[in-house]
Amino acid sequence: MEPTFNKMTPAGYHAIEQEIADLIAQRPHRIKVLAAAAALGDRSENAEYTNAKRDLGRLESRVRFLNKQLQYAKVVEPADNDQLDIGKSVTVEFMDDHDQVTYQLVGKQEANLAENKISFTSPIGDALNHHTVNDIVTVTAPNGSYQVKIIEIHRN
C-alpha cells in the first residue's frame with residue numbers, strides 16, 4: 001500500500017519546522033520542571049508532578065505528530081500558469097451579494113480562515129482549484145450551493 005502524501009506550500013512546511021524547533025527548545029525547561037516536581041516527594045498525590053508529566057507528554061506527542069506531518073508532506077510550488085493552484089491567492093466575488101474576498105489556497109494543515117487561508121480540499125477550495133480568471137464556479141457546501149466568480153489570481 002502506497003503512503004498518501006499531504007500537499008502543502010513551502011511556507012506551511014517551514015512553519016511546521018519552526019514549531020518543532022520551538023517545542024524542542026522548550027523541552028529542557030519542561031524536563032527541569034518535571035524533575036523539580038518529582039523531588040517534592042510522594043508522586044501519587046503530587047499535582048505539580050502530574051501536571052509537569054502531562055505537559056511534557058503533550059510536548060513530546062506534538063513533536064511526534066508534526067514530524068509525521070513533515071514525513072508525509074509533499075511541498076508543492078505553484079505552477080507558472082493562469083490556473084488557480086495550491087500556493088496561489090485568488091480574489092473571488094460571491095454572486096449572491098457581490099462581496100469580494102481574497103483567499104490563499106493552501107494544504108489542509110495550513111488552513112486558517114481567520115488568515116483567509118483555505119484548504120484546497122475544502123468545498124470552496126476544491127471548486128476553485130484549476131479554474132482561471134472570469135470563471136464562475138458553483139460551490140457545493142454543507143449548507144447549500146452558491147456561485148463565485150474568479151476576479152484575480154496571483155502567485156504569492
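Threonine 91 is located in strand S3, where strands (E, at least two residues) and helices (H or I, at least four) are DSSP runs numbered from the N terminus. With a relative accessibility of 9%, threonine 91 counts as buried; buried denotes under 20% relative accessible area, exposed over 50%, and partly exposed in between (1.4 Å probe, protein chains only). Neighbours within four places in sequence aside, threonine 91 is in contact (heavy atoms within 4.5 Å) with Gln100, Val101, Thr102, Lys149, Ile150, Ile151, Glu152 and His154. The model is predicted, with local features requiring pLDDT of at least 70 and side-chain atom pairs counting only at pLDDT 80 or more, while totals for chains, interfaces and linings use all residues. Residues are numbered from 1 along each chain as its sequence is written, and side-chain values use heavy atoms, with hydrogens and water left out.

Helix H2 comprises the 25 residues 47–71. The expected span, 1.5 Å times one less than the number of residues, is 36 Å for H2, and its end C-alpha atoms are 36 Å apart, in agreement. The buried residues of H2 are Tyr49, Ala52, Leu56, Leu59, Val63, Leu66, Gln69 and Leu70. They pack against strand S1 (6–8), helix H1 (10–38) and strand S2 (73–75). An α-helix has 3.6 residues a turn, so residues three or four places apart point the same way.

Histidine 98 lies in the loop between strands S3 (88–94) and S4 (100–106). Asparagine 134 lies in the loop between helix H3 (123–128) and strand S6 (136–141), and is exposed, with a relative accessible area of 53%.
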